[in-house]
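This report describes the model shown below, moving from one element to the overall fold and then to selected residues.

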Amino acid sequence: MNFLKDPNKMRFISLIVAVIGLFLILNSPRLGSISTSSWLRSVGGSEDSQKYLQMLEGYIDSYRMIGSIFLFTGLFSILNKNDNK
């Protein structure tokens, strides 16, 4: 695992993780809508509007949470001053 010990390569990987996190946060409404539509089709295409809105909010919150974790982890790794030299 010498690849992961190089600080420049780790910063690059951390930057990619942070960008993925930012993408998930910014696109969470669209991704949540796509996931909710897929769920609706899987249950037969008909569901109570209140249940649909709960699922939509749940999917959006899930994408935001995952994106926040990725963004925080990536930025923390980039800004970490301890390079383990």
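## Helix 3

In this predicted model, helix 3 comprises 31 residues and spans 44 Å from its first C-alpha to its last. That span is close to the 45 Å expected at 1.5 Å a residue.

Four residues of helix 3 are buried, namely Leu56, Ile60, Gly67 and Gly74. The cover over the buried residues of helix 3 includes helix 1 and helix 2, the latter running over 28-42. An α-helix has 3.6 residues a turn, so residues three or four places apart point the same way.

## Overall architecture

The secondary structure of the protein consists of 3 helices and 0 strands, and its order along the sequence is α-α-α. Of the contacts with a separation of 6 or more, 66% are between residues 24 or more positions apart.

The protein has 85 residues, of which 16% count as buried. Its accessible surface amounts to about 6,300 Å²; carbon and sulfur atoms contribute 63% of that surface.

## Nonpolar surface patch

Which residues make the nonpolar surface patch? The patch is formed by Phe12, Ile16, Ile20, Met65, Ile66, Ile69 and Phe70, and covers about 650 Å². Two elements give two or more residues each to this patch: helix 1, spanning 7-26, and helix 3, spanning 49-79. The largest share, 4 residues, comes from helix 3.

Ile66, one of the patch residues, lies in helix 3. Is Ile66 buried, partly exposed or exposed? Its relative accessibility is 41%. Because buried means under 20% and exposed means over 50%, Ile66 counts as partly exposed. Helix 3 therefore carries both buried residues, including Leu56 and Ile60, and a partly exposed one, Ile66.

Ser35 is located in helix 2. With a relative accessibility of 16%, Ser35 falls under the 20% limit and therefore counts as buried.

What does Ser35 touch, leaving aside residues up to four places away in sequence? Its partners are Tyr59 and Tyr63. With Tyr63, the side chain of Ser35 also makes a polar contact of 3.0 Å.

Technical notes
Residues numbered from 1 in each chain as written. Predicted model: local features only at pLDDT ≥ 70, side-chain atom pairs only at ≥ 80, totals over all residues. Heavy atoms only, no water. Patch = residues over 30% accessible without salt bridge, like charges linked within 9 Å, V, L, I, M, F, W, Y side chains within 5 Å. Areas by Shrake-Rupley, 256 points an atom, 1.4 Å probe, with all protein chains shown as cover. Salt bridge = Lys/Arg side-chain N within 4 Å of Asp/Glu carboxyl O. Buried < 20%, exposed > 50% of the residue type's maximum accessible area, 1.4 Å probe, protein only. Expected span 1.5 Å × (residues − 1). Contact = heavy atoms within 4.5 Å. Polar contact = N/O pair within 3.5 Å; in protein donor to acceptor, adjacent residues only side chain to side chain.
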